[in-house]
Amino acid sequence: MDSAWIKTVALCRFYRRGEYIVRATEDISLSVKKGEFVAIVGASGSGKSTLLNLLAGLDTPTSGFVEVEGSKLSSLSRRQLSAYRAEKVGMIFQSFNLLSNQTALKNVEMPLYFGKTPRKERRKKAAEILERLGMAERMDHKPTDLSGGEQQRVAIARALVKNPEILFADEPTGNLDEDNSATINDLLLKLNNDGLTIVMVTHDIETANKIAQRRIKMSYGKTVEDMILPENNTL
Amino acid sequence: MTIRDLIEISLGNLWRSKLRSFLTISGVIIAIAAFVSMLSFGAGNQKYITDIYVNLGLFTNMHVFPKDKNDSDTATIVSLNTAAIQRLTDIPGVKLVYPYDAFEINVSFADSHFTTQARSLPLAATKIKLFAAILNGRTFSSDSADEVFVTHDFLERAGITEPDSVIGRELIICAKAASLDSALMNIFDDKDGGMQRRLEMIEYDSLIDLDYRRRLMRRELNEGVRRFVEGFMSRQLSIYDTVIIKGVTEGLKSHYINVAPIIIPEKKAAKLSAGGFGLGRNPIDLYNAARAGMLFNSDENKESRTYSRVTLNLDPYASQENIKDSVEAMGFRVFSFAEQFKEIQRFFLYYNLGLGIIGLIALATAALGIINTMVMSIVERRKEIGVIISLGADVREIKILFLAESAVIGAIGASIGIICGWAASRVVSAVMQAIMEREGVPAFDPFALPVWLIFLALAFGITVSLIAGYYPASRAAKVDPVEALRSE
């Protein structure tokens, strides 16, 4: 698809820290097409995660705007914004952010609570996605009983259970060892091959080069590079 | 999200901080237990009184009294006499009218001789719910039967411990009744020579003097009146009769209804109380009879007999308002049990309200505990809130999640509190009943747990918890997801 599914126009997000103003992102204009796998790379503090939060509708820009399928996020009500996050967006984090007192299955079910999915269907969908991600045997385990890789797979299952149109991944392999990182990267690539749009934040350029189709580099809140990666990126 | 989901999630979150949840819920339990036990005391007393009204059929009874000078709207005092009773009987909706006629009698039973109160009761009145309940459904064989009912009070005075042993036994009763001829005879009775002395004292020569004649007349008139009253009061007829004890009733002790220790059929009582002259012992009867110009009417049903009170038994479907208006229009005062019951209900409403407010103060303290717990919970689960927001929960759903947790605290606390409150009231009730029995007061359960109280306590527990949880829930809804996700 040629047209942009999500785009930003002159997006700025400034924070006040005491007397200083932190320019987390400044004048970012970019667009992501449906089905793309975009890696946002950069050093710590370069504004990658802030950009991701703005794209996911978790944060509000100081100026500029985010447009999804032609609608500005800033024009949406709080409820519509929640609906955007619930229905179109999936998010995974570096620290997995699973609810520690709930089983893997319950964690995956969680996004379905905020809607009208019947209880049985909710359980069925969550079990199916966990099975698809190879977690069938571990669905009744609590996060503390799972390895880092397994926890991230549960987090991915949770992000995918509502069939989002885009997946925002914030350093998804940042807390994982090499083997687990490879497994997760492989999984993300597979999902992208199945048509899921992915925007991944990472400080690891090598991984970005391996799995993404496009790499955007950020430095001091600005995009300093936006390049299409060679076609043969496979793990 | 269904209610079941909310309950499950809330229970899971409360289970995470067991000790804190336990302490918070304990606060609610204590508050609700206090609330329930206090209100159940009010409810128990209310039920006790309501049961008396229902069991005795008091809702269909009215007392009628003659007005007195103290009544503000009294123009003329209308006597509550036999004629008035007839007029009251004619009011539509009035089924039965019977006077309250109590008098003193001397009784001889077995080896006991004592003075006690007797009350007359028409046969028809024994069949209405009030007396049917008191007399356990039994009646006299006729209005002039030689039968009586006695109460436990009578048995106590007679030293009888086995109530059944007196049924069918004879009782000798003696009533004194005033007589006009005794009173008149006493004026001329000269057994102490007083008349002779007074005749000797007359200065016949002075009779020519008008002043002397007047003084003499006044003196003799005063003496005549004194002798008349003395004769009326002291030279009374003693009327003896033998009656059979038909039954024993619980009387006063069971229902706090004014039942004399001996209940006598109406016509039998009329002979005893009026001594065949239609006048009782009471000098007021004499005054009323004289005032009505019927002093020497010897008819048994003569109108000179007045009563301090008559009772109307009403058709349950008749308008009590209309009946009351009709009676008041006749110039009488009315006491309606139905109205009294309404007043009692109103009293209990305020009483329960007062007790409820005291209970709510305890609940307010528990609410502070809930606020503290929930605020702590939000601080600890800040990141979790951020995650939930990132998963698509909106402000409303975050609020609901935390309000549900407060409601679950309230519901658990209230449910256990109701049980604890009821258990506490059972213990207090047992102690109170033991004390009542020891003091010779009829024991009753002063506590009751009606269904409305269960629902009220549950509703209060949950509502107060929800109110307490509103501020923390609002704080949770305001959590910045970006900040929350960044926090560790």
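Visitor: In which strand of chain A does A:A10 lie?
Guide: This is a predicted model, in which local features need pLDDT of at least 70 and side-chain atom pairs count only at pLDDT 80 or more, while totals for chains, interfaces and linings use all residues. Residues are numbered from 1 along each chain as its sequence is written, and chains are lettered from A and ligands numbered from 1 in the order in which they are written. With helices (H or I, at least four residues) and strands (E, at least two) taken as DSSP runs numbered from the N terminus, A:A10 falls in β1 (residues 4-17) of chain A.

Visitor: Does A:A10 count as buried or exposed?
Guide: A:A10 is not a glycine, although its phi is positive, at about 45 degrees. A residue is buried if 20 or more other C-beta atoms, placed from the backbone, lie within 10 Å of its own, exposed if 12 or fewer, and partly exposed in between. Because A:A10 has 12 C-beta neighbours inside 10 Å, A:A10 counts as exposed.

Visitor: Does A:E171 count as buried or exposed?
Guide: A:E171, in the loop between β7 and α6 of chain A, also has a positive phi, near 50 degrees, in a residue other than glycine. Because 20 C-beta neighbours lie inside 10 Å of A:E171, this residue counts as buried.

Visitor: Which helix gives the largest share of the side of domain 1 of chain A that touches domain 2 of chain A?
Guide: An automatic or database domain assignment sets the bounds, dividing chain A into domain 1 (4-88 + 164-228) and domain 2 (99-153), whose C-alpha centres lie 25 Å apart. Eight residues of domain 1 are in contact (C-beta atoms, placed from the backbone, within 7 Å) with eight residues of domain 2. The largest share of the domain 1 side, four residues, comes from α6 (residues 178-193) of chain A.

Visitor: Which element gives the largest share of the side of chain A that touches chain B?
Guide: Here 20 residues of chain A are in contact with 18 residues of chain B. The elements that give two or more residues to the chain A side are α2 (78-87) and α3 (104-113) of chain A. The largest share, five residues, comes from α2(A).

Visitor: What angle does the direction of helix α5 of chain A make with that of β6(A)?
Guide: Counting strands as paired if DSSP finds at least two bridges between them, six strands of chain A form an open, mixed sheet in the order β6-β7-β8-β3-β9-β10, with β6 (89-92) and β10 (222-228) as the edge strands. Helix α5 (residues 148-160) packs on this sheet, touching β6 and β7 of chain A. With axes fitted to C-alpha atoms, for helices over the stretch in contact, and angles running from 0 to 180 degrees between N-to-C directions, the angle is about 165 degrees.

Visitor: Which residue of β7(B) is the bridge partner of B:A177?
Guide: In chain B, β6 (residues 170-177) runs antiparallel to β3 (residues 102-109), joined by four bridges, and B:V107 stands opposite B:I173 in β6(B). Eight bridges join β6(B) to β7 (residues 237-249) of chain B, again antiparallel. In β7(B), the bridge partner of B:A177 is B:L237.

Conventions: Contact = placed C-beta atoms within 7 Å.
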